[in-house]
Amino acid sequence: MDQVESLLKRPRAYDNIDGVAELVFGFMCLGFSLIAWLQLHTPESSVWNQMYTFLIYTAAMISIIHYGSKAIKTRITYRRTGFVEYRHDKYWVAVGIAAVVSALVPVGLYLAVRRHWEVLTPICLVGLALAALYIPVARTVRWKWATFSVMVAGPLAISALPADLVGAFANHMDLTSAIPAKAVGAYWLTFVVDGTALMISGGRSFWLYLRHTQAPAKETSEPASSDVQ
Amino acid sequence: MNRQVQTFNELNRVIHEPGRLMIVALLFAVDRSDFLYLQHETEMNKGTLSGHLSRLEEAGYVEILKTYRGKVPQTLLCLTVAGRKAFEEYRRKLKEAL
């Protein structure tokens, strides 16, 4: 019975067989970290602090992610190990998880300010929640637990850093009275650590996938027309 | 007859065969996939996989669609509604029997 249940989980794991899912999330984390860095370290009147720049930047990033991952899947993955179309109800689960995690960020900050908690505590918890979302990926390959460990150790280490040092990453700029510089810096560092870990892990998966798989010869890739009729 | 043994006897024979069970379980978790994906996941050779798929198609559990991806032929496979129901029933009975 357990074997049947594990078979049911295999298609979900196949989604990241080439590391593309990790590369996508890593790219997203680092992409938003880059624009945040530029916004924090340039004058308020600079082009990086304009809303239209942010919208163009986000649209460009989404386009790269969409067309880049599609190109890898259609040109490499589907040709080597096959095509899978997932059930659409699963997408809503992913959207729901993303919405919950996104909601955790402002809720964490709000609670921290309202209850006079140390502001780095909820940020650390958000970082740990992101790491928890990675567990299903880590379970597929043993070495990915190293990526998970980095994603756990990162927020814990950031929360232990001196507030002044963390605030320096945000150029000591408070976004509002409720969002001090150290909170901005801690979020920025968390995204950089997670993004870097995911990019390295996804890149290694992609490299191993290319090394260990190859497209089948054309005459053997599909059954003859008399088969499967 | 012992109830547990009776439940084993009631298991769907078409699905219970290990090769076909793998195919149906993999297809149950997705909307559809191609022949190459099933070959990669089950590690069966082309002939064996083709034979199992033909048997499942005869039973009305799998739908096979021959198409092209660009100029490359592609065999798309998906479970039919009857196939999904049969697999759900099979899982339920297997849980009961164990």
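This note walks through a few features of the structure above, point by point.

1. First, some orientation. The model is predicted, so to speak of a local feature a pLDDT of at least 70 is needed, side-chain atom pairs count only at pLDDT 80 or more, and totals for chains, interfaces and linings use all residues. Residues are numbered from 1 along each chain as its sequence is written, while chains are lettered from A and ligands numbered from 1 in the order in which they are written.

2. Chain A has ten helices and one strand; these are DSSP runs, with helices being H or I of at least four residues and strands E of at least two, numbered from the N terminus. Along the sequence the order is α-α-α-β-α-α-α-α-α-α-α.

3. Chain A has 229 residues, and 29% of them count as buried. Buried means 20 or more other C-beta atoms within 10 Å of a residue's own, exposed means 12 or fewer, and partly exposed is in between, with C-beta atoms placed from the backbone. Two residues are in contact if these C-beta atoms lie within 7 Å. Of the contacts in chain A with a separation of 6 or more, 66% join residues 24 or more positions apart.

4. The largest nonpolar core has 30 residues. Such a core is a set of buried Ala, Val, Leu, Ile, Met, Phe, Trp, Tyr and Cys residues joined through C-beta atoms within 7 Å. Ile123(A), Ala183(A), Ala186(A), Tyr187(A) and Leu189(A) touch the most other members. Two or more residues each come from α2 (20-41), α5 (120-133), α7 (144-160) and α9 (181-212) of chain A, and α9(A) gives the most, with eleven. Leaving out residues up to four places away in sequence, Ala186(A) touches Leu120(A), Ile123(A), Ile158(A) and Val166(A). Another core, of 26 residues, lies apart from this one and includes Ile17(A), Leu49(B), Val62(B) and Leu79(B).

5. Now to chain B, where helices α3 (residues 18-28) and α5 (residues 46-58) pack at about 75°, with axes 10 Å apart. The axes are lines fitted to C-alpha atoms over the stretch in contact, and angles run from 0 to 180 degrees between N-to-C directions. α3(B) is therefore roughly perpendicular to α5(B), a term for angles of 65 to 115 degrees. From α3(B), Gly19(B), Arg20(B), Ile23(B) and Val24(B) meet Thr48(B), His52(B), Leu53(B), Arg55(B) and Leu56(B) of α5(B).

6. One last residue deserves a look. Glu43(B) sits in the loop between α4 (35-42) and α5 of chain B, and its phi is near 60°, a positive value in a residue other than glycine. Glu43(B) is exposed, with 9 other C-beta atoms within 10 Å.

Technical notes:
Angles under 35 degrees count as roughly parallel, over 145 as roughly antiparallel, 65 to 115 as roughly perpendicular and the rest as oblique.
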